[in-house]
Amino acid sequence: MKYMSELHLIFNPASNNGKNHHAFCDIEKYMKYKKIKYFLHSTKYPGDAKNIVNKLTTKNNKIVKIISIGGDGTLHEIINGINDFKKCLIGVIPVGRGNDFFLNIKTDRNSLHELIDKYSNSNKWKFIDFININNKIRCLNSFGFGIDSHIIKECKEKRKSNYKFITIKKCLFFSVNECIFNVDDSNHESHEKTIVFVISKGKWFGGGIQISENSQIDDGYLTISYIKKLNRLFTIPSLFKLLKYGGHALKQHKEFKCKKIKLTIDKKFYQCDGELYEDTNLINASVVSNKLKIII
């Protein structure tokens with residue numbers, strides 16, 4: 001059976017604290033000028049994008065091109081809403097506060113108009129991986145616990161607080177997190193005290209911080225990156241190196257690849273693609289390949 005394709009835009013008006021409305025107006029104006037046929041879905045509440053995508057990819061005889069207009073959080077919801085991967089192609093227009101995943105697919109065609117042209121005209125795609133967390137969460141860019149999840153948790157609890165202020169405070173007065181992990185069903189358990197622990201497919205997290213040197217979105221592996229406990233006397237210069245040069249600039253940074261990892265963390269909260277989860281301290285993560293398609 002030959003399938004027709006549809007172009008669906010999912011726009012999160014709350015992304016970037018509502019500051020991306022002008023970008024969306026530009027997108028709409030350009031698409032009308034180019035006479036591009038599309039369907040617009042403006043999300044109304046957290047989780048709405050997931051519900052929209054689930055409906056679009058359920059019992060649909062058409063290939064749907066789903067374009068995320070927002071940040072990593074909007075894209076995270078979209079990925080978790082897909083019901084039938086065979087009928088779904090994904091594109092990203094990054095207008096959120098955090099656009100870490102887009103850094104992995106960034107090309108010369110990065111303006112809004114160039115991205116729109118690509119997504120509306122191209123039928124080319126490739127498989128990329130995602131992370132399966134406890135068989136219930138799909139994580140596209142990174143899973144993490146430590147400073148990153150503490151920052152997100154406090155921002156969620158204190159909605160009117162300044163993100164940059166909370167980040168600086170948490171970095172200067174960080175708490176060490178303990179974890180136990182087992183890699184690829186080996187008989188060896190590792191015990192570590194870390195300030196951040198990340199399972200990733202992308203190289204960047206936390207709004208443009210390079211946590212990994214070797215992550216690739218389509219290599220079939222998870223990349224595990226963590227920073228061991230820092231001496232408080234060297235906190236400020238170490239954090240400066242992390243923010244400016246990436247995790248690999250620190251001697252406390254460790255990195256390796258695996259197919260799956262079992263992890264016990266000392267707090268019952270963690271982040272996936274910048275979204276906070278507060279449900280368990282037992283994590284089973286594995287890589288999923290050859291299912292998710294991204295437009296190229």
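In which sense do β7 and strand β15 (residues 270-272) pair, and over how many bridges? They pair in the antiparallel sense, over two bridges.

This is a predicted model, where local features need pLDDT of at least 70, side-chain atom pairs count only at pLDDT 80 or more, and totals for chains, interfaces and linings use all residues. Residues are numbered from 1 along each chain as its sequence is written, and side-chain values use heavy atoms, with hydrogens and water left out.

**View A. Strand β7 and its partners.** Helices (H or I, at least four residues) and strands (E, at least two) are DSSP runs, numbered from the N terminus; two strands pair if DSSP finds at least two bridges between them. Strand β9 (residues 190-200) runs antiparallel to β7, joined by five bridges. F143 has I199 as its bridge partner in β9, while G144 has Q271 in β15.

**View B. Both faces of β7.** Five of the five residues in β7 (residues 142-146) are buried, meaning under 20% relative accessible area with a 1.4 Å probe, protein chains only (exposed is over 50%, partly exposed in between). S142, G144 and G146 point one way, F143 and F145 the other.

**View C. Helix α2.** D48, A49, I52, V53 and L56 are the buried residues here in α2 (residues 48-56). Down the axis they fall within an arc of 130°, so they line one face of the helix; that arc takes the directions from the helix axis to the C-beta atoms.

**View D. Cysteines without a bond.** There are zero disulfides (pairs of cysteine sulfur atoms within 2.5 Å) in the structure. For C88, the nearest cysteine sulfur is that of C139, 17 Å away. The C139 sulfur sits 4.3 Å from the one in C272, too far for a bond. C139 is buried at 0% relative accessibility, and C88 at 1%.
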